[in-house]
Amino acid sequence: MDFLVFELISNSVFEVVRYVPNGCDEKDLISNPVIELPVQDSDSEQIRVNPAAKARMARKRRVKLRNEEGKVWRVEICLRTYPSAQGRIDLRDGWSDFWKQNKIVDGDSCLFKLIKSARNVIDVVVQKTGRGKMVVTLAMKVDVCVTHTSGHALKFRNIANRQTCIAMGECDGASYVGINEVPSPRVNSNARKVSVLPLIFLIFYEVSGGPFGVEDSVQAAGPLLALVGFLVFPFIWSVPEALITAEMGTMFPEDGGYVVWVSSALGDYWGFQQGWMKWLSGVIDNALYPVLFLDYLKSAIPELGGGLPRVIATLVLTALLTYMNYRGLTIVGWVAVLLGVLSLVPFVVMGLIAIPKIRPSRWLMVDLHSVDWNLYLNTLFWNLNYWDSISTLAGEVDNPKKTLPKALFFALILVVCGYFFPLLIGTGAIPVDRELWTDGYFSDIAKMVGGVWLSIWIQGAAAMSNMGMFVTEMSSDSFQLLGMAERGMLPEFFATRSRYGTPLVGILFSASGVVMLSWMSFQEIVAAENILYCFGMILEFIAFIVLRMKHPTASRPYKIPLGTVGSILMCIPPTILIFVVLALSSLKVMVVSLVAVVIGLVMQPCVKHVEKKRWFKFSESNDLPDLHSTAQEDGETFIE
């Protein structure tokens, strides 16, 4: 596998080194300002630059390739930081697509020439063997360029012979494979993406999964406040969060989601804190689903109520659902559609059967003096949050700039209806005893309304719902870790994908967290995750406002139709709600949550120390938006 290294040795003069498979270099000199390179299809390329150029390149993460038809390919650039790299710059993701889509084959030649331009454009003339020429340009801003020529021609000092050949080996596309480096697993660029319908149900399961778990709202506050809460609360919390997710998710359509938002607005330190708190919150949330699953089944199988059988059942369930997640996000999406339909149909049947038994007066029962506000608000908050979780899967979505807002809209309607109507049926069809309204009570209601067969159906629906919530939450958590690794916040091994395209290490870490936390009770899990989630949402609101103020003209395929003042006003009610939830939390849960936050504050410097010591490999390998530049080219910003 031969490759070329371009090294700037003086103003407008590059030294070109050809490395042959044994690692040795060959040298020669050519004074022609144009160098012709016969090429083979390759996944990446390398250049080596001087320290001044290295400093400028370090501020950029990508460049653009544009052909004569105006089509643009974005190519990731990555600065190698270890001493032996000697200023090496890698051209990575997008490079292979450029070759393939322009139908370059073995034997074709590329002519590189820096032209006199205010934007320092490098013309790349592709000489097709017997098929004429095609011209493309590598467009870079001034501070991205390898050198500023001040109008002089670009000279190459060829260190190979005139027939220099870039004979790249088959590379996996995730990163450049050079001498003495081991290839990393390649992500299949042709892998199927998630479409609108599966995405709607993925969001549905990220947020809701059906009415299972809302029973505590009736126990805490009675029928009237429970019904009003699930009608009013979405406008205070869910709608603003979904709108922000739609705008920011389309602004940053990549894995990592809210971590990317906060990093771009507040810096990588706070981006890491966001990632830590949201990941931990998600893992705690996922530990809840085996608890709910077994709570619904223990009425049919009493042995699952505790002891060793419950522990074994939890481990087996976690292993099975983790394997389903490992098999691929597309499969998870369509499984979510199937499970969603099967989970909601029995409530439609129960509603039809219960119509003659409904007494509207039961809906008006309320006793403000006996309301458990802590349990009430935590239950509402838990059942109507996590709209932003889908953002960590944006890189796996088909055309996320259009698909994501549409899916969020329909998912919002599905979630609200999926809560309100079962509550309406349950509280209106039978006499209300608030003490009985706890998790799993809908199966008892079904038995009183329709009989044992309907109760069993509801229990099965609950089991399927918990399966759906588990696999979707794990997808979000694991892809978040992958996105953080691709931005260099975590070691590179977190970005490792399985042959199904799923984040293998992220799945294993998330599953381990679920097993360790599954001993907690329902109320403890809800309270702990809500506090961590609140801290993360505060950072998201701040990042949203900061990006609106600092980068008002940045590309936003979907933009909330509010100005800066309107955006701030929209964030005030959910922020007040966050502080109310925090104020009502128990001291025990608050202390545990604050300890978790402090761990994140200390962990980020430790991770940076590990990177500095090179104990683990870190790299930025994704095509990341760059908000440090608002320059535009052909009416399009560098922000995707």
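At what angle do the axes of helix 4 and helix 15 cross? The views below come from a predicted model, in which local features need pLDDT of at least 70 and side-chain atom pairs count only at pLDDT 80 or more, while totals for chains, interfaces and linings use all residues. Residues are numbered from 1 along each chain as its sequence is written, and side-chain values use heavy atoms, with hydrogens and water left out.

**View 1. Crossing of helix 4 and helix 15.** The axes of helix 4 (residues 215–251) and helix 15 (residues 564–584) cross at roughly 120° and come within 9 Å. Axes are lines fitted to C-alpha atoms, for helices over the stretch in contact, with angles running from 0 to 180 degrees between N-to-C directions; helices are DSSP runs (H or I, at least four residues) numbered from the N terminus.

**View 2. Residues in the contact of helix 4 with helix 15.** Helix 4 contributes Phe 233, Ile 236, Trp 237, Pro 240, Leu 243 and Ile 244, and helix 15 contributes Met 570, Cys 571, Pro 573, Pro 574, Leu 577 and Ile 578, where contact means heavy atoms within 4.5 Å. By class, this contact has 12 nonpolar, no polar and no charged residues (Ala, Val, Leu, Ile, Met, Phe, Trp, Tyr, Cys and Pro count as nonpolar, Asp, Glu, Lys and Arg as charged, and the others, Gly among them, as polar).

**View 3. Lining of the second largest cavity.** Among the lining residues are Tyr 205, Glu 206, Asp 285, Trp 382 and Met 469; a cavity is a set of points on a 1 Å grid over the protein atoms alone where a 1.4 Å probe fits but cannot get out, and lining residues have an atom within 4 Å of a point. Helix 3 gives the most to this lining, with 3 residues.

Definitions and conventions. Helices (H or I, at least four residues) and strands (E, at least two) are DSSP runs, numbered from the N terminus. On a 1 Å grid over the protein atoms alone, a cavity is a set of points where a 1.4 Å probe fits but cannot get out, and a pocket is an open set with protein on both sides within 12 Å along at least five of seven lines; lining residues have an atom within 4 Å of a point.
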